[in-house]
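Hi everyone, thanks for coming. Let me walk you through a few spots in this structure, starting with one side chain.

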Amino acid sequence: MFCTIAVCDVLPLVINNMDMRLPASLMQKYMLKAAEFYIGYVTRGPSPDVQIQGSKEGGSLKSPSVSRGSQRYVIDGLSEKSSVVAEPWERLLDILAVVGVRCEWQGDKGQRSYVDMLQRVKELCRYLPGLEGDTRSRCCSQVVICAALVLFRSAFLYVSAVQPALFQAVNALSSGPWILVEDLSSVYNDVEAERGAVKHAHKKRKLADGREKTMSSDDEEGLGKGRGRHILVNKTEMPSWSETLESFRTARESWDLLHSHDGLETEFKKICASWKTDSWLWFRIFLSDMIIYQGQYRKALSSLHQMAAVQQPQPGQQSPSGQTSLEHHRALIQQASCHYALGEYRMACEKLLDVVSGLVPPNHESTKTSEDQGRVKTKTRKGNDLRLLPCTSKAVLPFCLQLMLACFKLRAFTDNRDDLSLGHVVVLLQYDWPQGEMLFLKAVDKICQQGSFQYENFFNYVTNIDMLEEFAYLRTPEGGRIQLELLPNQGMLIKHHTVTRGITKGVKEDFRLAMERQVSRCGENLLNVLHRFCINEKIIIIQSLP
């Protein structure tokens, strides 16, 4: 109550009273106290009948699993009506304008927008190295305070769009959580075109003594990926996509500015320590996404592991549909995306399969929008774009399947024979058919070159009629009489030393009957089939990756 009255009622009277000669250091202290209160108020977490006693508890955010309850927010000692603070960001801007005048900051003396304010302090930073004494100290304080406010406001606007359930004041019913992940639009591209793009995960650098060192992305400071990366999003599913991406960009700019000079970074860290920003889950979500954008995947994994621990679901807690809330999979999915970007495909698949085990497949397959189809067909991606993915079963399951395909694709098409990986690729290429048709034909060509192919799970999970026809053709004289071992234990039977012509004929008949039965399964829900593949074959999928 006292903090609310002090910030909202008393402070404006004090700073606007020009007869009170307050030192600049005290004015800035008041400014930061006001900012701490307003930011804590805006970012308060959802919980029933919340009661806070000041700004410090306002910054302690709960995970999305907390019940939204009645959504009443009552400050201890005040009525519910008095606890409502109208337009907190604008109030903060008003206070900043007055404090700027009293502290003799550079720039316009009137109120300015947060974006204009950022541009102004960016200009000031150019002169900072040449300043000395009180002038330098005053300029440094202005840059840090203004850039920090722009950072926290922009980061809040971004996170309130991608994780709205974190905040009481944000309507979470209109949009669920979103996840920033690697864009997989090029997953169906030819392997050779991509092999060079992913070499960063395994580049070799000659050392002085002639030895070779394997380098990860982080060894090259993110490979410059943070420069001009595109973030793709379905504009229909996120109507506010432009404002969301602009907030993310502005927050990143503010962060970079605050870390552009040692003096600025030191002062900013003091503010963060005072406000205990390490405990702000919403701000950690922004930081993790920013680090991913920068391509610093190893550092991002560290941040995501910490976030995953905070977001562990409570025992027995389930969503209305009976599945574990997808919000708790957000960090796992991003971890998988980071491991994939680092070339750590086994770790990526482990995370993905943990996610898939908690999903319930949609009742029917979704059809791609014309916008998405246009993107895939008309734009050639460099392979380092990102995508904001809706955290829904409808979007997450296909993403998991495509990321698993990306993990196995390069391994399946190496010069070395790997029928297991090739078989997994065939199974996964069924999703979004015929997008992956060219890659499937490449798999068929490799099988023809080998003269044989063994994948005993074929009839459990391949139900695509085009694929079935192609494999049936491979056994014919016209198709090259390719030896296909697609039935369980078929390989052992054929290779057994007592093989007879009758047994071989029986194997052919079993294959024909199995193929006929498989054709009758072509109407099955493909996502159900692929979900079952991920669940039942989890161990063999993980073990088939190095």
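First, a term: a polar contact is a pair of N or O atoms within 3.5 Å; within protein, one must be able to donate a hydrogen and the other to accept it, and residues adjacent in sequence count only if both atoms are side-chain atoms. This is a predicted model, where local features need pLDDT of at least 70, side-chain atom pairs count only at pLDDT 80 or more, and totals for chains, interfaces and linings use all residues. Residues are numbered from 1 along each chain as its sequence is written, and side-chain values use heavy atoms, with hydrogens and water left out.

So, which backbone oxygen lies 2.8 Å from a polar atom of the side chain of Arg521? That of Phe459. The Arg521 side chain also reaches the backbone oxygen of Asn460, at 3.3 Å.

Is Arg521 buried or exposed? Buried, with a relative accessible area of 19%; buried means under 20%, exposed over 50% and partly exposed in between, using a 1.4 Å probe and protein chains only. Arg521 sits in the loop between helix 21 (501-519) and helix 22 (526-536). Helices here are DSSP runs of H or I with at least four residues, strands are E runs of at least two, and both are numbered from the N terminus.

Now the sheet: three strands form an open, mixed sheet in the order 3-7-6. Two strands pair if DSSP finds at least two bridges between them. Strand 6 and strand 7 (residues 386-390) pair in the parallel sense over two bridges, and Leu232 has Arg387 in strand 7 as its bridge partner.
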